[in-house]
Amino acid sequence: MLRVPERTCVCCRKKSAKDRLLRVVVPEDAPIFDKVQRMPGRGFYLCPDDKCIEKFVDEKKINKILKRKITVLSALRELLKTEVEASCTQNKKG
Ligand SMILES: [Zn+2]
């Protein structure tokens with residue numbers, strides 16, 4: 001059986017299978033949602049959960065996690081929420 005590696009959510013510290021979490025990479029000043037989880041660089045994982053997304057896109061929180069100033073958070077928040085909603089809809093159908 002194939003074992004999916006586990007990752008820890010940066011917000012709530014809960015462990016989940018990597019492919020059930022959302023991955024975000026921050027190559028420059030702008031965070032990027034890494035949908036396929038293959039982008040190079042250090043990734044941050046978070047639960048597909050509104051609470052964790054809100055925590056992650058909180059400016060103080062994300063600056064502390066990344067140890068630098070990140071600004072374009074509203075775009076990331078929209079992206080993550082859209083993704084979560086999309087996967088919820090898929091699950092209901094499937
Ligand atoms: Zn979480």
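What share of the 94 residues in this chain is buried? The answer is 20%, where buried means that 20 or more other C-beta atoms lie within 10 Å of a residue's own, exposed means 12 or fewer, and partly exposed is in between, with C-beta atoms placed from the backbone.

Hello everyone, and two quick notes before we look around. What you have above is a predicted model, in which local features need pLDDT of at least 70 and side-chain atom pairs count only at pLDDT 80 or more, while totals for chains, interfaces and linings use all residues. Residues are numbered from 1 along each chain as its sequence is written.

Let's start with the overall layout. The chain has three helices and five strands; these are DSSP runs numbered from the N terminus, with helices being H or I of at least four residues and strands being E of at least two. Reading from the N terminus, the order is β-β-β-β-β-α-α-α. The radius of gyration is 13 Å, close to the 12 Å that the globule rule gives for 94 residues, so the chain is as compact as a globular protein of that length. That radius is taken over C-alpha atoms, and the rule is 2.2 Å times the number of residues to the power 0.38. Along the principal axes, the C-alpha trace spans about 40 × 25 × 25 Å.

What about contacts along the sequence? Two residues are in contact if their C-beta atoms, placed from the backbone, lie within 7 Å. Of the contacts with a separation of 6 or more, 46% join residues 24 or more positions apart.

Now, please find the sheet. It is an open one of three strands in the order β4-β3-β5, with antiparallel pairing. Here β4 and β5 stand at the edges with a single partner strand each, so one side of each has no neighbour in the sheet. Pairing here requires that DSSP finds at least two bridges between two strands. As a reminder, strands of a sheet pair through backbone hydrogen bonds, either parallel or antiparallel.

Let's walk along β3, residues 22-25. Four bridges join β3 to β5, residues 43-46, and in that pairing Leu 22 stands opposite Leu 46. On the β4 side, residues 32-33, there are two bridges, again antiparallel. There Val 24 has Phe 33 as its bridge partner, and Val 25 stands opposite Ile 32. β3 and β4 form a hairpin, with six residues between them.

Which residues of β3 are on the covered face, and which on the uncovered one? Leu 22 and Val 24 are on the covered face, with Arg 23 and Val 25 on the uncovered one. In a regular strand the side chains alternate between the two faces of the sheet.

Glu 28 counts as exposed because it has 8 C-beta neighbours inside 10 Å. From Glu 28 to Tyr 45 is 17 residues in sequence and 17 Å in space, C-alpha to C-alpha.

Tyr 45 brings us to the core. A nonpolar core is a set of buried Ala, Val, Leu, Ile, Met, Phe, Trp, Tyr and Cys residues joined through C-beta atoms within 7 Å. The largest one has 17 residues, and those touching the most other members are Cys 9, Val 10, Tyr 45, Leu 46, Cys 52 and Phe 56. Two or more residues of this core come from each of β3, β5, α1 (50-56) and α3. In soluble globular proteins, nonpolar side chains tend to be buried together.

Take Cys 52 as an example. Leaving aside neighbours within four places in sequence, Cys 52 is in contact with Cys 9, Cys 11, Cys 12, Leu 46 and Cys 47.

Next, over to Arg 77 in helix α3. Arg 77 counts as partly exposed because it has 17 C-beta neighbours inside 10 Å. Beyond four places in sequence, Arg 77 is in contact with Ile 53 and Val 57. Arg 77 and Phe 56 are 21 residues apart in sequence, with 8.6 Å between their C-alpha atoms.

Arg 13 has a positive phi of about 70 degrees although it is not a glycine. Arg 13 sits in the loop between β1 (6-8) and β2 (15-17), and counts as exposed because it has 7 C-beta neighbours inside 10 Å. Lys 67, also not a glycine, has a positive phi of about 60 degrees. Lys 67 lies in the loop between α2 (59-66) and α3 (73-93), and with 6 C-beta neighbours inside 10 Å, Lys 67 counts as exposed.
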